[in-house]
Structure formats: C-alpha cells, structure tokens
Amino acid sequence: MKSILSALILCAFSALSQNPNKFTISGYIKDATNGEALIGATVYVNETQGGGVTNEYGFYSITLAASNYTLRYSYLGYSPTIKIVQLDKNSRFDIELFGEAEQLQEVVVQAGIEQANVQNLEMSTNKLDINTIKKIPSFLGEADLLRSIQLLPGVSTVGEGAAGFNVRGGSVGQNLILLDEAPVYNSSHLLGFFSVFNPDAVKDVKLFKGGIPSRYGGRLSSLLDVRLKEGNSKKFEATGGIGTIFSRLAVEGPLIKDKASFIIAVRRSYIDVLARPFVPLLQDGGALNFYDVTLKTNYNINKNNRVYLSGFFGRDNFKFERNQGFSWGNATGTLRWNHIFNDRLFSNFTAVYSNYDYSLQFGRTDNDSFKWNSVISNYIFKPQFTYFLNNNNELNFGAEAIFYTFEPANAVGVSNGTPTDVSIPKKNNFETSFYISNSQKVSPKVTVDYGLRYSLFNYYGPDSVYTYSNENPGTRRRPISSQYYQSGEVIASYGNWEPRLSFKVQSSPTSSVKGSYNRMVQYLHLVSNTTASNPLDVWNPSTNNIKPQLGDQYTIGWFKDIGATRQFELSLEGYYKKTQNQIDYIDGADLLINRYLEGDLLSGEGRAYGLETYFQKKTGRLTGWVSYTLSRSELKVNGINNNDWYATRFNQTHNLKVAAFYDINKRWSFSANFVYTSGTPTTFPTSRYVSQGILVPYNSNDQRNNVNLPAFHRLDISFRMEGRKIRSNGKERKNSDYWVFGIYNVYARQNPFSIYFSQNDQRVPQGQAISSQATQLAIIGSLVPSVSYNFKF
Amino acid sequence: MKYFFLIIITGIIFIGCETIISPELQNAEPLLVVDAWVTNKPGDQTIILSQTQPYFENKLPPPVTNAVVTVIENGTKTYSFLEDPAKPGYYNWKPVGNEVLGTVGASYRLTVQVGSEIYESTSKMGPVPPIDSIQYKKNDPNLSNPDFYTAQFFAKDVIGVGDTYWIKTFKNGIFLNKPSEINVAYDAGFDAGGPFFSRIENNIPILVDFIPPIRNRINPNDTDANDNALSPYIPGDSVMVEIHSITLQSFAYLRQLAEQTNRPGGFSELFSKPLANVSTNIANKNPNGKKSVGFFNVAAVSSKGKKFKK
C-alpha cells in the first residue's frame with residue numbers, strides 16, 4: 001500500500017515541473033442577483049476546448065499558456081458570460097452570472113450547450129438544485145429534500161413514512177449526510193415523513209453514490225452533501241410560506257453590501273397551535289410539534305479570505321402529558337475559512353460541532369418514573385487544500401480529525417419511591433484521516449482521478465469492555481469477563497487504507513465512458529432491527545467486539561448527450577459492491593439500554609449489484625427525467641437463514657421513477673411524478689402452533705425474507721400558480737408569490753408497507769381453535785390533497 | 001404506551017389503511033409442538049403435545065398421541081405424565097395426597113418419546129415473591145375513559161439480579177391470554193440491565209416494587225361489538241393474579257412471543273420487528289432428527305385474588 005502512496009505522490013509532483021510561460025486565471029463565480037456562489041459552474045476555454053469547474057465554494061482556477069483566449073462562463077439556468085482575455089499574467093476574474101429570465105419564453109433562446117455530465121469526471125453522482133426540489137409534487141405540499149432524492153436512480157426506501165433512504169442496496173445508516181460539512185445523525189422530522197432541511201435555506205444538494213472522492217469517508221454507501229445558501233449579499237429579501245404542516249419564514253440580506261451577508265430560516269409545524277383550544281391535553285403541558293432553525297452568515301474579509309458560520313437546530317416534541325413523552329433533535333455548527341494562498345492553491349479550514357440527542361420520560365409521579373436520554377456529539381476539524389497544478393492536474397489533499405462522544409443511555413428509574421441509575425458509561429472515540437488525490441488529464445480524451453485515504457479509529461477509556469462466550473450462531477452470547485481501561489488508554493484501534501480511483505474516456509464530444517473503484521470504511525454503526533429506522537435507534541462506535549464495516553465498490557458507466565443543444569442526457573451505470581462486517585441481530589435482540597448489546601449482534605458479509613439508467617430532458621417547456629434501476633442487495637450472516645444469502649429488507653428488483661415538469665403558460669405550471677418499485681422482501685410464516693393459549697406464526701424452513709410484498713406504485717401531481725406580476729393599476733408588483741395545489745397518490749393506491757400475521761383479536765375460550773389472519777397495512781390509504789402559499793418580498 | 005404518540009399523529013393527520021388478505025404461503029412439514037409449563041400449584045399438571053399446522057388452517061392443532069412423557073427432578077424423582085383418554089394429546093400428572101410438582105432450586109429434565117424420536121429439555125425452578133396487595137381504582141379524571149375501573153397488584157422483586165417472572169391474570173376464572181396481555185418481568189422491570197431490581201446495599205435490603213406498567217398489566221383488553229374499549233373491571237368482578245418464576249430462557253421466549261404475536265397494527269408496524277421464529281428449549285436427542293418447537297418450564301407460583309366490591 002505504501003508503494004501506491006509513493007507512486008501517487010511521485011506522479012502528482014512530476015506534474016509540478018512548470019512551464020514559466022503559463023499563467024493562471026482564477027476567481028469565484030456567483031449569482032449576479034444575490035451574490036450566492038455557484039457550485040459546479042463551468043469555465044470553458046474555446047481555444048483549448050478545456051476548462052474548469054467551480055468547487056463547493058464557487059472557486060475555480062485554470063492555467064494556460066500565454067495567448068489570447070475566449071472564456072465562456074456558464075451554469076445551468078443562467079445566461080452564459082463570454083470573456084475575451086489577453087493572458088500575459090496571473091489574473092483574477094470574479095464573475096457574476098444572471099439567471100435566465102423567469103418568464104416563460106415561447107422560443108427557447110440558445111440555452112447554452114450544457115455538457116457537464118458527459119465531460120465531467122464525476123460519475124454515480126446526482127445533483128438536485130433547490131428549484132427542482134420545490135417543483136416536485138410533494139407529500140402535503142411540503143417541498144422535501146430527502147423525498148426528492150428518492151426519485152433518483154439507485155435510491156430507494158422501505159416504504160412511505162420510513163426515515164432515511166437506501167443507496168445502492170446499502171442500509172439507512174450507511175449514508176453520510178452533511179449539512180454544510182456537519183454530519184446530521186437523524187435527518188427526519190415526524191419519524192420519516194419530512195426531512196430536517198428547510199428548502200428556503202438550501203442552495204445545492206449533491207448525492208455521491210460511488211466514485212466517492214478521497215476527501216470524504218466514514219460511510220459505506222453514499223454521501224449526501226447539502227450546502228446552505230450564503231444569504232443575499234445585494235439586498236434584503238424574505239421568503240416564506242404556509243403549507244399544510246409547516247409555516248416557514250426565511251430572511252436574508254447583506255450585513256455589509258457585497259462583503260457580508262446572512263440568512264436565517266425558521267420552520268415550525270403549527271397543527272398544535274390550531275388544535276390547542278380544542279385539545280385539553282395540549283393545554284396541560286402535552287406537546288406535538290417539530291421545528292427547525294437554520295442560519296448562516298459569511299464575511300468576505302478580502303480577496304483571499306472569506307469566513308462562513310452556519311448552524312442548524314431542529315427538534316421534535318411529542319408529549320402526551322407534562323412529564324411523559326419523547327423529544328429528539330440535531331444541532332450543528334460549522335465555521336469555515338476559505339483562504340486563497342495564491343492563484344492556484346485554494347484552501348478551506350472547517351471546524352464543526354454536531355450533536356444528536358433524544359430523551360424519553362415516563363411516569364405520572366416522581367415516585368414512579370423513568371427518564372432516559374442518549375447523546376452523540378462530535379467535534380471535527382478539517383483542513384483541505386486544492387492545488388491547481390496546471391491545466392492537466394488538480395491536486396487535493398488534507399486531513400480530518402473527529403472526536404466523538406457517545407452516551408448510549410443516561411437513565412434513572414424510580415419504582416414506588418426507590419430510585420436506581422442504570423446509565424451506560426459513555427464511549428470516547430477519535431477518528432483521524434489523511435487523504436491525497438490527483439485529477440489528471442492524461443490525454444485530451446482520458447482523465448484519471450487517483451487518490452488514497454488513510455483512516456485511523458481509536459476507542460479510548462475510561463470504559464469497561466467485555467469478552468463474550470462462544471455460542472451457536474444466532475443466539476445470545478453472554479459476557480464472560482470484563483476489563484477496565486483507564487482514561488486515555490486505547491481499548492481498540494483500527495487503521496485502514498482506502499484507495500479511490502476513477503477514470504473517464506471521452507469517446508466522442510457527446511459521449512464518454514467512466515469507471516471507478518472505491519473502498520470505504522465505516523466506524524459507526526446504526527443499530528436498528530425494526531422495519532423502519534426510528535429516532536431511538538442508537539449509533540454505536542466500533543469496539544473491541546464490533547469491527548469496522550468495509551465496502552468495495554466497482555462501477556462502470558456510459559454517458560451521452562443528445563440533441564442539437566444537448567438538451568437530453570442519457571446515462572447507464574452498473575455497480576457491484578461487496579461489504580464486510582455488516583451487522584445483523586439475533587432473534588429477540590435487546591438493543592436499548594443494554595450494557596451487553598454486543599452479545600446480541602451478529603456480523604456477516606453483504607453484496608449488492610445493479611444497473612441504473614437515467615434519461616433527462618434539461619431545457620424547454622417540458623423538462624424532467626426517467627430513471628430505472630435493476631438491482632439486488634443481499635446479506636449472509638451465520639445464524640440467519642440457514643447461513644445462506646438472503647435479500648435485505650430494502651432489496652428492490654425494479655425501481656422506476658418518472659418526474660416531469662411542464663410550463664402551461666406564464667402563470668401556470670404542472671408537475672407530476674410517478675414511482676413504480678418491486679415490493680420489498682419480508683418474511684412469511686409457513687405454519688402455526690399454540691403455545692400457552694397463544695397462536696404463534698412459525699417459518700418451519702427458518703428462512704429470512706422469503707417473499708416479496710406486492711409492488712409499490714404511486715402518482716403525484718401538482719399545479720403551481722404564480723401570483724400576478726402586475727398590479728390592477730398597471731404597476732409592477734414588488735413582491736412575488738405563488739400557490740401550489742397538489743394531490744399525492746392521485747389514484748389512491750393502497751401501497752402495502754407491511755403484511756403482518758396475527759391471531760384474531762377476540763378472546764378465545766380454552767379448547768377452541770384460534771383463527772389466524774394476515775393484515776396488509778398501507779401507511780397512506782387514500783389520495784392526499786394539499787395547498788400551500790409561498791411568498792417572496 | 002410506547003407508541004402512544006403515533007396514535008395521536010395517526011388521528012390528526014394520516015389515513016392509514018388495513019386490509020385482511022390471504023396470501024399464499026409455502027408448505028412445510030409438520031413439527032412436534034411441546035407445550036410444557038408445569039408448576040408447583042396443587043392439583044393436576046398437564047403437558048400438551050401437538051403438531052404444527054399450515055398457518056391459515058383455523059382448526060384445533062392435530063394432537064400427538066401415544067407419547068411417553070416424564071419429568072425427572074434432580075435426576076432422581078420421576079413424575080410420569082399419562083395421556084388423558086378423554087383428551088388426545090393432553091398428558092397429565094396426578095398428585096397423590098398433598099403432593100406438588102417441584103421445589104424451588106431443583107433442576108428438571110423433560111423427556112418426550114414419540115415413536116422412535118426422543119426429545120429432551122431442562123429447566124430449573126426459581127424463587128417467587130408473595131403478592132402484597134391488589135387494588136381497584138377508578139381512572140384518573142383526565143384520562144380518556146374516566147369511568148373505567150382498573151386493577152393493579154403490588155409485589156416486590158426477590159433480592160438479586162436476574163430473577164424472571166411471568167405474571168398471569170385470571171378475571172372471573174378466565175385466563176387473560178391475548179398476546180397484548182402477556183406480562184413478564186426481569187427483576188422488577190422490563191429487561192436485563194434495567195434500573196429496577198431488589199438488592200442489598202451496605203447490608204440493608206432494598207426491595208423494589210414491580211414498576212407501574214407491570215403492576216397495571218392485569219387488566220383485560222376487551223372491546224364491545226362496536227370496538228369500544230370496555231371497563232376492565234366492574235363491581236362484582238374478581239381477579240386472581242399469579243406470579244410464576246420462570247427461567248431466563250423462558251423469559252426471553254415469552255418476550256419474543258409477545259413481540260411476534262402482539263401486532264396492534266397501524267403505525268406501530270413502522271417500528272415492529274420483522275417476523276422471526278421464537279426460540280425453543282426442546283431438542284431432539286438425535287441432532288439430525290426431526291426438529292420440534294415449544295417450551296418447557298417448571299415454575300413456583302404465588303397468588304392472590306380479590307373481589308371488586310364498590
């Protein structure tokens with residue numbers, strides 16, 4: 001492995017030999033109306049037919065030989081800007097692009113030849129801009145980021161209302177969700193119906209499913225990178241809306257014009273406010289609400305220095321009495337400093353604090369009560385550098401240090417006046433990683449990105465750790481000895497090399513072939529054995545007994561632009577993934593407040609493979625996409641399913657998604673999406689027997705997930721009506737607003753979430769036969785209409 | 001209680017929907033079912049042998065007859081269970097005089113011979129605390145059913161960690177045997193590692209009462225013809241509560257049994273555990289022989305009854 005590293009460094013630095021007659025053009029690309037940095041905007045150099053792309057902060061840098069050039073700055077949905085330069089010195093061009101006129105245009109103007117996906121090295125990534133997310137017909141009219149990404153190829157969910165999402169056959173806990181670089185441990189409000197991301201504050205969403213760059217690590221399946229808006233640096237603006245669930249308000253504006261800006265966005269569910277007069281429970285201290293606050297501010301110190309501060313706070317409260325109920329939420333804070341060392345060396349230093357906690361409280365009196373809370377918190381420091389070596393090499397390197405504290409349970413119970421504390425000691429962990437990668441244009445047609453990440457995970461005392469007995473696979477292992485470690489002593493330590501490689505071959509100007517390999521390592525495990533993940537699921541670090549998860553993924557893809565203005569995009573991607581140290585559970589596992597949790601966990605291997613096709617129309621009155629995925633996801637765990645491979649709970653053979661957006665006229669537009677997926681696997685019994693008067697369903701063949709639920713399909717539509725632009729007196733309105741009328745599940749399909757087997761609820765006299773039944777549950781059993789009003793002024 | 005909030009949400013916002021269906025199921029060979037929960041209560045003790053049947057076969061399980069069933073205490077004393085001529089598959093042990101089956105602390109081995117196959121299991125009788133009292137009370141006026149009467153019992157866990165119990169309730173002589181009525185305790189609380197257990201601290205015994213959810217789970221979950229909940233008890237009713245000492249394996253089994261059979265449906269399905277086979281402690285002596293299911297437990301029992309007079 002070391003030889004690979006040295007070869008890599010050698011390779012990268014061999015490219016360092018610079019031609020003194022070359023100069024660098026660099027700068028930021030921003031939105032002209034609000035000053036927001038544009039991520040992934042392109043700079044195209046006509047003469048060399050090459051160029052660059054802006055990074056997450058809107059920065060680009062290209063190095064060219066001294067000459068005259070025509071530069072074309074463009075970004076989807078924006079009018080391109082052409083700049084003619086005579087390059088004889090290093091130059092800084094900060095460019096502002098104007099959004100295309102918002103009115104519908106009868107004749108589509110030269111929309112700009114967009115070629116990002118074909119020419120970009122990236123594969124297995126999907127970007128959704130927030131305007132698309134806002135157009136997708138949504139449940140109860142609430143634009144939702146996580147539900148929107150489920151329309152992308154390779155992304156699935158176990159059912160309506162389930163929290164999180166599954167990427168390429170990976171579990172919910174294998175996705176790293178970053179909100180401005182801060183990990184979000186639970187991304188859901190109201191279990192899984194809504195996500196914590198406020199669409200009014202989000203700028204850009206990017207999902208990495210494969211070919212994950214070496215600067216990211218920590219989860220096996222995917223990375224969801226959510227970037228917040230910086231806030232309008234030109235003028236004050238307020239946006240907001242009233243929907244069926246949330247009322248929202250976001251205010252943004254300059255603190256110092258063109259130098260510093262802020263945004264603060266707040267959402268709150270308001271059903272409890274409306275219900276309060278009628279529901280005595282809510283007046284007596286009961287609660288049913290969820291809210292979040294998102295804020296960000298940035299200061300442009302000078303040309304080479306910019307700082308950003310962003311934060312998020314969200315909470316769900318469910319109390320059915322003053323002292324009884326649940327509450328959970330995330331809090332994150334991110335401080336970033338962009339520093340440009342010189343035209344070619346861009347750096348970013350990030351410091352993050354992230355926290356997730358939940359608490360439960362039961363008991364009507366202090367004499368009989370139970371209080372429990374659980375916390376995960378972490379501090380992260382991350383220096384990152386991009387060195388734009390020359391036109392053919394872009395070097396990325398940096399490090400990351402994460403300090404985790406896990407508090408699985410702080411719990412005290414009181415029974416008839418006798419209190420007992422059963423808290424489980426907290427666990428301290430430190431994860432450090434280093435990475436380096438180079439994106440190298442080997443020839444005009446071939447680009448390769450090769451990189452390496454090294455991660456080291458340490459589990460520190462003070463803590464008591466246990467050794468467990470060997471039992472038959474699938475049964476509980478008992479602790480047989482324990483050992484105490486002092487504060488600061490290393491209990492377990494894992495180090496892993498994570499090679500990453502991707503390549504692109506430009507087979508023609510409009511098509512390319514790309515491939516990638518990456519190894520991912522995951523040191524945190526989401527421990528959950530319920531059908532859908534829930535807020536009380538516990539994250540557990542790797543320990544002496546729980547090994548880190550490893551995953552290797554291979555992908556190959558073909559990308560094609562079609563049409564005169566390249567308005568169509570087609571891609572085909574295949575992937576194969578092999579994973580190790582996957583967690584499963586013994587039957588009857590006890591996962592909450594269990595000091596000996598490790599004795600209830602099983603470990604196995606996984607494999608997932610699939611083919612994703614994606615066809616998108618990007619411009620015109622009708623836009624949208626069709627995505628189809630054929631896939632399989634399986635696990636093999638000793639002690640389950642006769643030690644044979646079995647399909648995971650989220651395995652979906654077919655997964656078809658269609659999203660369409662149509663501009664009817666200047667005021668009205670129409671959106672629709674259709675989803676068809678194979679039913680997910682479940683376990684059916686074969687037999688029944690009676691034990692102590694209770695009817696037991698039993699699978700005599702000991703199979704897991706032996707049948708599939710019926711297929712899932714659903715159509716959603718929405719109409720959007722723009723408010724009048726002109727007042728009745730002929731003057732133009734300063735404010736803009738729009739209404740969204742939607743119907744979710746138009747043809748009222750009762751999609752099965754689960755089928756469960758039970759005995760009839762009637763009391764059966766002894767000696768009589770008990771009748772058994774199967775019940776199919778649809779979480780949403782009818783169509784759900786919605787209306788929302790949105791404004792901006 | 002655990003998913004109470006889900007019910008609130010269901011009521012306010014969503015429209016879930018449940019349909020009874022009859023999916024086709026895979027076929028399987030029938031297996032021997034041993035239902036052997038014997039106690040030291042006075043009177044006959046019964047072990048039932050039957051066969052598994054297809055899941056949707058709504059008939060009494062087929063009995064297994066002509067088996068030889070014995071329970072041996074500490075390897076010495078044999079209790080023979082003889083088939084009831086009137087009830088095929090029911091095997092009874094009849095005491096002589098005041099004899100009861102079992103003593104606290106003793107070990108037991110069950111042997112069931114069916115044809116040429118021999119099935120075995122072991123168990124141990126644990127200690128059981130007395131029931132201190134039973135109380136009836138009217139519901140809190142703030143609760144949704146203020147006119148209901150519920151009962152609760154008070155008892156204290158036996159000193160030490162790891163005592164496990166099954167609390168069985170009989171209303172007017174009828175055993176409450178719905179899956180939602182299974183009431184098991186690990187010490188005075190729900191499960192291992194929990195905060196509720198009796199112990200000795202600084203030579204002072206600290207006796208902990210069963211926690212309220214266990215105390216209260218002696219109330220039947222019954223509904224009227226319109227699916228409205230009925231008051232668990234009305235004046236004139238009587239309740240009999242029994243605490244059975246069970247082994248840790250039996251406790252785990254009953255917990256799994258409740259998890260797998262108590263399916264209230266609706267939103268609780270989001271967080272229900274997938275269908276999995278409950279465990280068994282009955283094994284064929286021949287590891288390659290036919291499998292069996294069911295459980296064997298020998299329990300010490302304490303009990304108390306109370307009539308509800310207004």
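This is a predicted model: local features need pLDDT of at least 70, side-chain atom pairs count only at pLDDT 80 or more; totals for chains, interfaces and linings use all residues.
Chain B contains 3 helices and 20 strands. Its radius of gyration is 21 Å, close to the 19 Å that the globule rule gives for 310 residues, so chain B is as compact as a globular protein of that length. Along the principal axes, its C-alpha atoms occupy a box of roughly 60 × 60 × 40 Å. Of the 310 residues of chain B, 41% are classed as buried. Among contacts in this chain with a separation of 6 or more, 65% join residues 24 or more positions apart.

Two domains are assigned within chain B: domain 1 spans 32-124, and domain 2 comprises 127-275 + 300-307. Their centres, taken over C-alpha atoms, are separated by 26 Å. The contact between them involves 6 residues of domain 1 and 5 residues of domain 2. On the domain 1 side, these residues divide into 1 nonpolar, 3 polar and 2 charged.

Between the chains, 76 residues of chain A are in contact with 74 residues of chain B. On the side of chain A, the elements that give two or more residues are β23 (305-321), β24 (324-342), β27 (393-415), β28 (418-421), β45 (687-691), β46 (694-698), β50 (752-759) and β51 (772-778). By class, this side of chain A has 32 nonpolar, 35 polar and 9 charged residues.

Strand pairing also links the two chains: β45(A) pairs with β4 (residues 53-54) of chain B in the antiparallel sense, over 2 bridges. Within this pairing, A:Ser687 has B:Pro54 in β4(B) as its bridge partner.

Terms used:
Residues are numbered from 1 along each chain as its sequence is written. Chains are lettered from A and ligands numbered from 1 in the order in which they are written. Two residues are in contact if their C-beta atoms, placed from the backbone, lie within 7 Å. Helices (H or I, at least four residues) and strands (E, at least two) are DSSP runs, numbered from the N terminus. Ala, Val, Leu, Ile, Met, Phe, Trp, Tyr, Cys and Pro count as nonpolar, Asp, Glu, Lys and Arg as charged, and the others, Gly among them, as polar. Two strands pair if DSSP finds at least two bridges between them. Domain bounds come from an automatic or database domain assignment. The radius of gyration is taken over C-alpha atoms; the globule rule is 2.2 Å times the number of residues to the power 0.38. A residue is buried if 20 or more other C-beta atoms lie within 10 Å of its own, exposed if 12 or fewer, and partly exposed in between; C-beta atoms are placed from the backbone.
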